[in-house]
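Work through the exercises below with the model open. Each task is followed by a solution in steps.

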Amino acid sequence: MSHTAHIPSHRKPRRSASKMALRAGVAGGVLSTLAVAAAAGTANAAEPVTETIELPTLTADVSAQIAQSADATAQTADSYEARAQQDAAAVKAAKQAAKDQVEAEKKAEARKKAEAKAKAEREAAQERAARDSERTQLSTSSAPSGGGSSATPSSNNSAPASGSVGTVISFLKAQLGDAYVMGASGPNAWDCSSLVQAAFKQVGVDLPRVSQAQSTAGTPVSLSNLQVGDIVYWGSAGSAYHVGVYIGNGQYLDAANPGKGVVIQDLSGYPASGAVRVL
């Protein structure tokens with residue numbers, strides 16, 4: 001036995017290879033676990049950082065979208081305003097066009113009336129000239145020749161018996177075309193009795209105003225012995241409803257009715273009831 005065998009050794013006992021390998025494996029596993037955990041922790045810790053980094057990017061995109069939306073809204077508003085201005089201009093133009101059309105129609109109507117008035121005046125002047133010529137011819141033919149009295153004309157003689165009768169007939173023919181108005185007394189509108197009264201007044205004969213009284217104002221004559229200037233009437237003497245003046249050739253002149261006015265008519269178409277002579 002060694003003399004040192006009883007002295008304890010201060011060296012650590014050697015570890016077996018299997019234990020060392022086991023410890024190395026455990027240590028490696030622990031380190032791997034720690035590495036994985038550290039990696040996971042790093043990853044988890046990095047996630048908030050990633051979100052924090054991406055947030056400004058999302059905010060910038062939203063800002064850009066808002067700006068684009070604002071621009072689009074402004075453009076739309078401008079478009080609406082332009083359309084409103086166009087519509088207002090169109091409405092104003094339409095109103096002006098309608099106003100111009102009304103003015104044009106008024107001017108055309110005024111021009112038409114002026115032309116019609118001028119035409120009526122020309123026709124009236126021509127008619128007056130024709131009446132004056134006719135009146136002159138009638139007065140000439142009615143004047144007695146050689147200072148003697150004229151013969152009594154038959155009912156078919158169109159020439160007046162005297163100058164007084166000629167004046168009456170001339171006055172009556174000068175009113176041809178005038179209107180018939182009940183109760184009117186001239187100068188451009190008459191009823192039947194006012195025309196007869198005015199005609200005989202031209203030669204100083206004052207007749208009653210109404211047809212009933214005029215039918216008895218002179219000497220009664222038969223219809224077969226009528227002379228120019230005789231008053232013819234319709235209805236009974238004293239209650240006649242219409243009067244006229246015989247102008248010869250089976251015709252009489254009267255203010256007939258509102259539809260005809262003052263006209264010349266044939267006795268054959270409307271035979272009279274009786275007649276009186278005042279000249």
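**Exercise 1. Confidence**

Task: State the average pLDDT of the chain and find where pLDDT stays under 50.

Solution: 
- Step 1. This is a predicted model.
- Step 2. The protein chain has an average pLDDT of 77. A score of at least 70 is reached by 64% of the residues.
- Step 3. Residues 138–161 stay under 50. The model still has 33 contacts beyond four places in sequence for them.
- Step 4. Where pLDDT is low, predicted coordinates should not be read in detail.

**Exercise 2. Around β5**

Task: Is β5 mostly covered or mostly open, and which strands pair with β5?

Solution: 
- Step 1. Check burial. β5 is mostly covered, with seven of its seven residues buried.
- Step 2. Take one neighbour. β4 pairs with β5 over four bridges, in the antiparallel sense. Within β5, V245 is the residue opposite I231.
- Step 3. Take the other. Y252 in β6 stands opposite Y246.
- Step 4. Inspect the turn. The hairpin of β5 and β6 has two residues between the strands. N249 takes a positive phi there, near 55°.

**Exercise 3. Two salt bridges**

Task: How many salt bridges does the model hold, and which side chains form them?

Solution: 
- Step 1. Apply the cut-off: a side-chain nitrogen of Lys or Arg within 4 Å of a carboxyl oxygen of Asp or Glu. The count is two.
- Step 2. R209 sits in the loop between α3 (192–201) and α4 (211–214). D191 sits in the loop between β2 (189–190) and α3, and 18 residues separate the pair.
- Step 3. R209 is partly exposed, at a relative accessible area of 27%. D191 is buried, at 5%.
- Step 4. The other pair is R277 and D230, with the closest N and O atoms 2.8 Å apart. R277 lies in strand β8 and D230 in the loop between β3 (219–221) and β4 (231–234), so the pair ties together parts 47 residues apart in sequence.
- Step 5. D230 is buried, with a relative accessible area of 1%.

**Exercise 4. The surroundings of R277**

Task: Which backbone oxygen does the side chain of R277 reach, and which residues does R277 touch?

Solution: 
- Step 1. Locate the residue. R277 belongs to strand β8, residues 274–277.
- Step 2. Its side chain reaches the backbone oxygen of N225 at 3.0 Å.
- Step 3. List the contacts, leaving out residues up to four places away in sequence: G218, T219, V221, N225, L226, Q227 and D230.
- Step 4. Return to the strand. β8 pairs with β4 in the antiparallel sense over three bridges.

Definitions and conventions. Residues are numbered from 1 along each chain as its sequence is written. This is a predicted model: local features need pLDDT of at least 70, side-chain atom pairs count only at pLDDT 80 or more; totals for chains, interfaces and linings use all residues. Side-chain values use heavy atoms; hydrogens and water are left out. A polar contact is a pair of N or O atoms within 3.5 Å; within protein, one must be able to donate a hydrogen and the other to accept it, and residues adjacent in sequence count only if both atoms are side-chain atoms. Contact means heavy atoms within 4.5 Å. Buried means under 20% relative accessible area, exposed over 50%, partly exposed in between (1.4 Å probe, protein chains only). Two strands pair if DSSP finds at least two bridges between them. pLDDT is the predictor's confidence in each residue, from 0 to 100.
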